[in-house]
Amino acid sequence: MKIAIIGLGLIGSSLAGDLTRLNQHQIIGISRRSTTCEKAKKLGIVHQSSIDLSLVQGCEIVVICTPIESTIPTLAQIIPYLSNTTVVTDVASVKVPIVREGKKLWHNFIGSHPMAGTAEQGIDAVQKNLFNNAPCVITVEDDEDREKGALLRDLWQSVGCNILTTTAEIHDQAVAWISHLPVIISANLIYACMQEKDQFVREFAQKIASSGFRDTSRVGGGNPELGLMMAKNNRDNLLENLRLYQAHLTGIINDLEEENWSKINDLLTFTNQSRSDFIK
Ligand code: NAP
């Protein structure tokens, strides 16, 4: 198959590399800067690479891996070069706005979201086997999508993904819980910690911070552009979850004020069990 990957950053270049190494497809890499395209060729992660979007001509599948805000403008630009049967997908971490607009522009547009990544950006972050064993959501709204999504299922499975299918709405509600809310909570943790008024205490805390703080602060210390894009594009779900979180937090503060240790114990016993059930 001839497959085009647009946007050779962390996700795009890693996908291009894994697909090229399969030796089954012709992989075309398209990116914004020609230096990135040159680098992709040098690294051997694509068969052909250029900044010219018309290279999507003749491709069976196009995967748009640009930043979220460029996904739909990029789709609009490639439409004149697509053949009727080309399936176009994206990898954006938020699906409702992308799938809604994507489907208006192209009849064979189906959303994807491989749940894999690192804190790094750009082609220098390229990683072999990034998608191995990662869940990948393919958004299907109806039976027609299910049929069209078969090609994408094969594509993501071939790089090691475990496929899940659902609607864009369910996807966005779920990622708000497990990805977007944790980013905001973790960012707030870092921020609150930095507001400690006593400089000696703050600096001492920094000296003794170890794996616990590293774990809980990791996602809040990630790429700010990506976090902002998630918040903007999944605002309603994120707000709803944050309000629920706020209500629970108020409950915990009350329990602490009232020294209601049995309720605190119940909470921690419940979360101790739930975490291991949730993260199987
Ligand atoms: P990234 O490393 O910043 O890569 C995006 C690349 O796209 C840039 O390096 C840039 O390459 C290129 N680009 C930017 N604008 C472009 C345009 N208009 N046309 C063509 N290429 C363009 O970002 P990423 O982490 O790979 O994220 C890309 C997408 O994957 C986003 O939609 C994100 O939501 C999704 N995603 C990210 C993760 C994660 O953990 N990072 C996980 C799952 C999904 P040059 O300027 O060098 O050409």
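**Exercise 1.** Across which strands does helix H6 lie, and at about what angle does H6 run to S8?

*Solution.* The structure is a predicted model, in which local features need pLDDT of at least 70, side-chain atom pairs count only at pLDDT 80 or more, and totals for chains, interfaces and linings use all residues. Residues are numbered from 1 along each chain as its sequence is written, and side-chain values use heavy atoms, with hydrogens and water left out.

Step 1. Locate the elements, which are DSSP runs numbered from the N terminus (helices: H or I, at least four residues; strands: E, at least two). Helix H6 comprises residues 168-194.

Step 2. Helix H6 lies across S6, S7 and S8, where contact means heavy atoms within 4.5 Å.

Step 3. H6 runs at about 115° to S8; axes are lines fitted to C-alpha atoms, for helices over the stretch in contact, and angles run from 0 to 180 degrees between N-to-C directions.

**Exercise 2.** Describe the sheet formed by these strands.

*Solution.* Step 1. The order is S6-S7-S8 in an open sheet with mixed pairing; two strands pair if DSSP finds at least two bridges between them. Strands S6 (112-114) and S8 (162-166) are the edges, each pairing on one side only.

Step 1. S7 (residues 135-139) pairs with S8 in the parallel sense over five bridges. Within S7 and S8, Ile-138 stands opposite Thr-165.
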